[in-house]
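Dear colleague,

I am passing on the structure we spoke of, placed just below, and after it you will find my notes. Please read them with the coordinates open beside you.

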Amino acid sequence: MTGTDVTGLDVLEARARAAARPAADEGLILCDNLVRVYRTQDVEVQALQGLDLVVEEGECTALVGASGSGKSTLLSILSGLDLPTAGRARVAGHDLLSMGRRERLGYRRRTVGFVWQQTGRNLLPYLTALENVALPMKYARVPRRTRTARAGELLDALGVGYCRDRRPQQMSGGEQQRVAVAVASANGPRVLFADEPTGELDTASGADVFAALRRANEELGTTVLVVTHDPLVSEQVGRTVRIRDGRTATETLRAEGDPGGEEFAVLDRVGRLQLPREHIERYGLRGRVRLTAEHDHVGVWADGTPAGTDDRPAG
Ligand code: ADP
Ligand code: MG
């Protein structure tokens, strides 16, 4: 946004930001050994099995992983809709396990914003785009004039100002999702969560929606965590976290202009490491492996590899 007016909302935002500063060493989002077990009759599903994640304020992070790996479960917990079974989760100074009903409501209203995959779930069908964006501000008791002005600014900033007087059925899927990003950003949240927001869209409108998320990140300063299957999205963000079986498996970090990036395995707090499948297969690693301490790295050897040979590639 380009305006320099100080609105009531700016004051609200500044206050919210000052009130809930995370400890310096733990990032804006912290998940520590997060566990979520679903129990249905006699079946037990471990959706999250000790997941660790730290996201710094201002990051734009993609979350990827096979279907059923726990991505939506994680986002439901982080957005305050679901509770973990065990572990620790903090977002912007809020302890997601212990916060009470009032704090949770305020958290969902002001600290986080959410964009769902299903376009129909993000917007109220009988309200215009502008009214949809103004609604969360009404709940946050922002004065009417400020609401209207801010909603218009947000729609403009996200490239859908021309949709302000349209209802959802008069917009394309991509336009609806960009309006949904505006709705989620309405109360100036610290974090925006999006669960496969481009999943129902074609490539071109998917790119527009992702551009809207990037703007929220770069221009509004919102930290963004987006679940995606779309390589076009995951290759454009600074960091991609891959979840496997309810745990953080690898992270890929990218510098500007380097879509491939470099993939890292993630060591959890107690030193556990999930080796990528291709390494496991390539080196025939199974069960016991031999670790060798070299002067600048640790070697991982299949059991049966003679110790002391250094002419073999290490994992
Ligand atoms: P993803 O979003 O990565 O596809 P989910 O978080 O939706 O994965 O699901 C993780 C696992 O938890 C899956 O095995 C799924 O079947 C299970 N699961 C998700 N929600 C529920 C629920 N409400 N009740 C029971 N099992 C669930
Ligand atoms: Mg999902």
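The notes below take up the ligand site and then a pair of helices.

Please keep in mind throughout that this is a predicted model. Ligand 1 is surrounded by Tyr38, Val45, Ala47, Ala66, Ser67, Gly68, Ser69, Gly70, Lys71, Ser72 and Thr73. By residue class, this shell divides into four nonpolar residues, six polar ones and one charged one.

Oxygen atoms of ligand 1 take part in several polar pairs: one oxygen atom lies 2.7 Å from a polar backbone atom of glycine 68, and an oxygen atom is 3.2 Å from a polar backbone atom of serine 69. Two elements, strand S2 (43-55) and helix H2 (71-78), each give two or more residues to the shell around ligand 1, and the largest share, three residues, comes from H2.

The other finding concerns helix H7 (residues 173-185) and helix H8 (residues 203-218), whose axes come within 8 Å and cross at roughly 15°. Since angles under 35 degrees count as roughly parallel, H7 and H8 are therefore roughly parallel to each other. The crossing of these two helices, H7 and H8, is right-handed.

With best regards

How values were computed:
Residues numbered from 1 in each chain as written. Chains lettered and ligands numbered in written order. Predicted model: local features only at pLDDT ≥ 70, side-chain atom pairs only at ≥ 80, totals over all residues. Heavy atoms only, no water. Near = heavy atom within 4 Å. Polar contact = N/O pair within 3.5 Å; in protein donor to acceptor, adjacent residues only side chain to side chain. Helix = DSSP H or I, 4+ residues; strand = E, 2+ residues; numbered from the N terminus. Nonpolar A, V, L, I, M, F, W, Y, C, P; charged D, E, K, R; others polar. Axes fitted to C-alpha atoms, helices over the stretch in contact; angles between N-to-C directions. Parallel < 35°, antiparallel > 145°, perpendicular 65-115°, else oblique. Left-handed = near helix turned anticlockwise from the far one by under 90°.
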